[in-house]
Amino acid sequence: MKQSVKRVLTILLSAALLAGGAGCARPGSPDEGNPAASEQPTGATEDAAPEEAPFAPAFPADTAGTIHVAGHYNNFEALEAEFDRFNEYYPDVELSYTYLDNYNGTIEVVLSGAEAPDIFFSYPWMLEREDLKSVIETAEDLADPSLGLNLSCIQEKLLYRDADGRIPILPVFCTTYGMLVNEAIFEKEGLNIPRTYDELLSVCGALQKAGYSSPMMGYSRGSFMLFPLSFPYFCAEIQDNDEALENLNALTPGAGEYARDALALAADFLGRGYIDMDACGRLENDYQAVILRFFEGDVPMMLATAGTVSGTEKRESLSDAYIAHPFKYSYHPVPSTDAGGYFLNQLSMGFSVNRNSENLDMANEFMRFLTRTEELSRMAQVKRMVTPCRDMSFDGVYAAFGALSDERVIYLSDVGLEDAPDQQMRRAGTRICNGTMTVNEAVAAFGTLPD
């Protein structure tokens, strides 16, 4: 009888916190599911990858071994599902997942320890961090032909190379910015979900007149709550502008002028009174608190990342209000221009293989199994995230992103924005949302704004 053993361990380590960067290193020269209930995008996909052959195991079915994965998700049902599927080929391979507290500050220590994982979570910003250089150096080069990974199924703009030209990260999940929409409210009020900025303003005005005190909400502590509106717009403004990118990345005096329009957009929307900042301020965090507040059923639109959206389905059963009065909801780009919003596609999380693993052959075999459109798309659907595959089948909640045309799709890796100007954009947006700076003041101070 097949026995799949899964142990979820919790390790609380006390190493010092290393703050995670928000920007992404630009790819150098990268190589080239089960979507039955999903909608295919019309413009958010690259050319279709070559037809994939079925997975062919490289080892005998009775091969025994272990594979240990370390990451920072408290629970990882999507990975457990892949463990089960892998065990259909290798029933005697034991797979386990370990949650690491303070992941950024502990993964380097864990990788050098006696019980180092075979596979670990990794991110593009790690390629920029000198203090995490040893983590990336520990990672296997997934582009090594001898490994047999089908990287052609991945969107090439999501394949990152390190300074030596290696590909150390397998993209697993992507994320984006947008807004959750309560479709029942729009149907009740006879309104269409807005597709342009003018429509957004018109809809917010109509909703406010209908008695919704805060047509738009979001997590405001901090606060760069209008990032889903302004940041994709900002990236669209500077994309392919080499001069802007050079000055922004160097934090050249005056570089804030390139952010002016995006910051003015946030200030304009905030100034119209369509967001109740006091109500938003009562939200305790931008994940569960935002989701459960949205499920109360009286919020027409809720600003959120795809990372927040990933937790919605699981939390439907935690909301008494939603259980009593369920409603249809979906996730949309925030309209920022006369032509609509943007799909800012960015890598959220990847896997790396520990090249010093004592189970290296089987760890690479699992990665070869996983690096297929069917498996990666299945994982994304279970987690309710965006797939990194070239065949971008969307969960129904993301259908609006799939409907965007090519010119509305931006890859953060393509933009080339480094961590420093990314952080300055967040800090400028925070001060504008909090009312502590005007647009002119934020533009003038851009590059010197403290945390």
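In what order do the four strands of the open sheet stand? The order is β7-β8-β6-β9, with mixed pairing. The model is predicted: local features need pLDDT of at least 70 and side-chain atom pairs count only at pLDDT 80 or more, whereas totals for chains, interfaces and linings use all residues. Residues are numbered from 1 along each chain as its sequence is written, and side-chain values use heavy atoms, without hydrogens and water.

View 1. Strands (E, at least two residues) and helices (H or I, at least four residues) are DSSP runs numbered from the N terminus; two strands pair if DSSP finds at least two bridges between them.

**View 2. Strand β8 and its bridges to β6 and β7.** β6 (residues 177–182) and β8 (residues 301–305) run antiparallel and are joined by five bridges. Among the bridge partners are Val181 with Met301 and Gly178 with Ala304. β7 and β8 run parallel, joined by two bridges; Met217 has Met302 as its bridge partner in β8. Four of the five residues of β8 are buried (under 20% relative accessible area, 1.4 Å probe, protein chains only).

**View 3. Arg372 in the loop between α14 (360–370) and α15 (373–383).** Arg372 is buried, at 11% relative accessible area. Leaving aside neighbours within four places in sequence, Arg372 contacts Glu52, Ala53, Pro54, Phe55 and Cys153 (heavy atoms within 4.5 Å). Arg372 and Cys153 are 219 residues apart in sequence, but 6.4 Å apart in space, C-alpha to C-alpha.

Key: Buried means under 20% relative accessible area, exposed over 50%, partly exposed in between (1.4 Å probe, protein chains only).
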